[in-house]
Amino acid sequence: MMRWLQRHWDARAAANFVLGGAGSGLLICVALADIRDVSAVALALALVALGLGAVWLEIGRKLRALHVLFNPFTSWMTRESYAALLLFPLGVASIYVPAAATLAAAAAALFLYCQARILRASKGIPAWRAPEVVPLVVLTGLAEGAGLALFFSESTVLQAAFAIAVVARYLAWRRYRAAAPSAVLEAPGKALVWVGTVGALALLPFMLPLAGVAALVTGGWLKLALVTRASINQGFALPHLPVRGAR
Amino acid sequence: MTRWAMVADLRRCVGCQTCTAACKQANATPPGVQWRRVIDLEVGEYPNVKRAFVPVGCMHCDDPPCMHVCPSTATRKRADGIVTVDYDLCIGCAYCAVACPYQARFKVDRQEFAFETAMPSEPRDEKRIGVATKCTFCVDRIDAGLAKGLKPGIDPEATPACVNSCIAGALHFGDVDDPASNIAELLAENQFFRMHEELGTGPNLYYLWDKAP
């Protein structure tokens, strides 16, 4: 067996999952908790844009970036791009027409789901191809978004959504860890459990923003490690050795 | 229907890397890029360790994950099974490189040469900068050979450079769908496996490991 760490996707690619996940999660929470704050929507869109911008910095042929739209039939990266094309106008529209917030949240949910499926489609990397990565990435984005939303609202609905999201993220992490154990994810995983879940829930009744930061930072760390350090290709393996000479 | 495939006889491969060198020469790949290479695998636990030389590269899969993930449609599969990359469409996102289970794809972001300046055998090819590249089964040779009425896998002029160069006769190329082809016969006479078949990619590089029972 000869394994190798993929080095094509570095922190710039990870930034798309970290920032895009948090931004799209925030946009969903804005609709869920009916947060009528322009700065919340602006922050969500800025995070998604920054994430996509980071990926753009990584591609080899930057002037051809629009070619990313050519394969909606099978590529989750293309689908993510189309979701982003929906997300931005709907997000802006939600500032002026509150009813559009639900549509913007739907586009954000699609964007988040596409991100998770991007990893899932990488067949050579056990840490990514595990089906359990999909709920983990989606719920991490939701927990981070809910954490950010706590800076804009103290509503009970939002607090409940935050608590549910971090607990669901913890459960998704446990399930993922059992399916695709990875030594490099142990430290961020522990931080996610103790700081991002237990700590965040303990802080929730007293210091909302700090609880949000705990969920946000630990989720981001886990995704950064997942993309850049846990992405070890399974390598080559021989099911049979060559039989040489007399038997 | 033609389906080009390669056969590597692991009993014969001696790990000389002549195929690696031939591929580099034929395709003028830059330093660090090896569309064809031979890995040296140690199998087992000390003291029961065995060693095998395994030629690897693009497997031209039946169901290539690189093609499915490619957002630009630069990666395609021809009717004859060869997986190609359109350098004019590729955006260099490297999604194919991370999706490929066989480490067959490469991307270089700047022109590099074995020495400071380009040797005559190292043409400056701007098209290959910042995009994904990989083994093409020497598709140009195959197409040109077929146009001349030659048979890939039999006539060297129509056969991939790595196969032509193999000193041990370990590498073979041909139409796996033709029961009378050279590689179909080899597969009938021997036991074989394909790398990580459990992933469902349907790789078209077959490894012979023993005679048929």
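Two residues are taken to be in contact if their C-beta atoms, placed from the backbone, lie within 7 Å. By this criterion, 34 residues of chain A are in contact with 39 residues of chain B. The model is predicted: local features need pLDDT of at least 70, side-chain atom pairs count only at pLDDT 80 or more, and totals for chains, interfaces and linings use all residues. Residues are numbered from 1 along each chain as its sequence is written, and chains are lettered from A and ligands numbered from 1 in the order in which they are written.

Secondary structure was assigned from DSSP runs, numbered from the N terminus, with helices being H or I of at least four residues and strands being E of at least two. On the side of chain A that touches chain B, the elements giving two or more residues are β1 (2–5), α3 (76–96) and β2 (232–236) of chain A. The most comes from β2(A), with three residues. By class, this side of chain A has 16 nonpolar, 14 polar and four charged residues. Here Ala, Val, Leu, Ile, Met, Phe, Trp, Tyr, Cys and Pro count as nonpolar, Asp, Glu, Lys and Arg as charged, and the others, Gly among them, as polar.

Chain A has nine helices and two strands. Its pattern along the sequence is β-α-α-α-α-α-α-α-α-α-β. The radius of gyration of chain A is 19 Å, close to the 18 Å that the globule rule gives for 247 residues, so chain A is as compact as a globular protein of that length. The radius is taken over C-alpha atoms, and the rule is 2.2 Å times the number of residues to the power 0.38. Taken along the principal axes, the C-alpha atoms of chain A fill a box of roughly 80 × 45 × 25 Å. Of the 247 residues in chain A, 51% are buried. A residue is buried if 20 or more other C-beta atoms lie within 10 Å of its own, exposed if 12 or fewer, and partly exposed in between; the C-beta atoms are placed from the backbone. Among contacts in chain A between residues at least 6 apart in sequence, 74% join residues at least 24 apart.

Helix α8 (residues 186–203) of chain A is bent. The bend is about 30° at A:Leu192, given as the angle between axes fitted to the seven residues ending there and the seven starting there. A:Leu192 is also one of the buried residues of α8(A). The buried residues of α8(A) pack against α7 (156–179) and α9 (208–228) of chain A.

Chain B has six helices and 10 strands. Its radius of gyration is 17 Å, which agrees with the value near 17 Å for a compact globule with 213 residues. The C-alpha trace of chain B spans about 50 × 50 × 35 Å along its principal axes. Of the 213 residues of chain B, 48% count as buried. Residues 24 or more positions apart account for 54% of the contacts in chain B with a separation of 6 or more.

Most residues other than glycine have a negative phi, and most peptide bonds are trans. B:Gln17 has a positive phi of about 65°. B:Gln17 is found in the loop between β1 (4–9) and α1 (18–27) of chain B. With 17 C-beta neighbours inside 10 Å, B:Gln17 is partly exposed. B:Ala28 has a positive phi of about 50° and is found in the loop between α1 and β2 of chain B. B:Ala28 is partly exposed, with 16 other C-beta atoms within 10 Å. A cis peptide bond, with omega about 5°, joins B:Tyr46 and B:Pro47. B:Pro47 lies in the loop between β2 (36–45) and β3 (48–57) of chain B.
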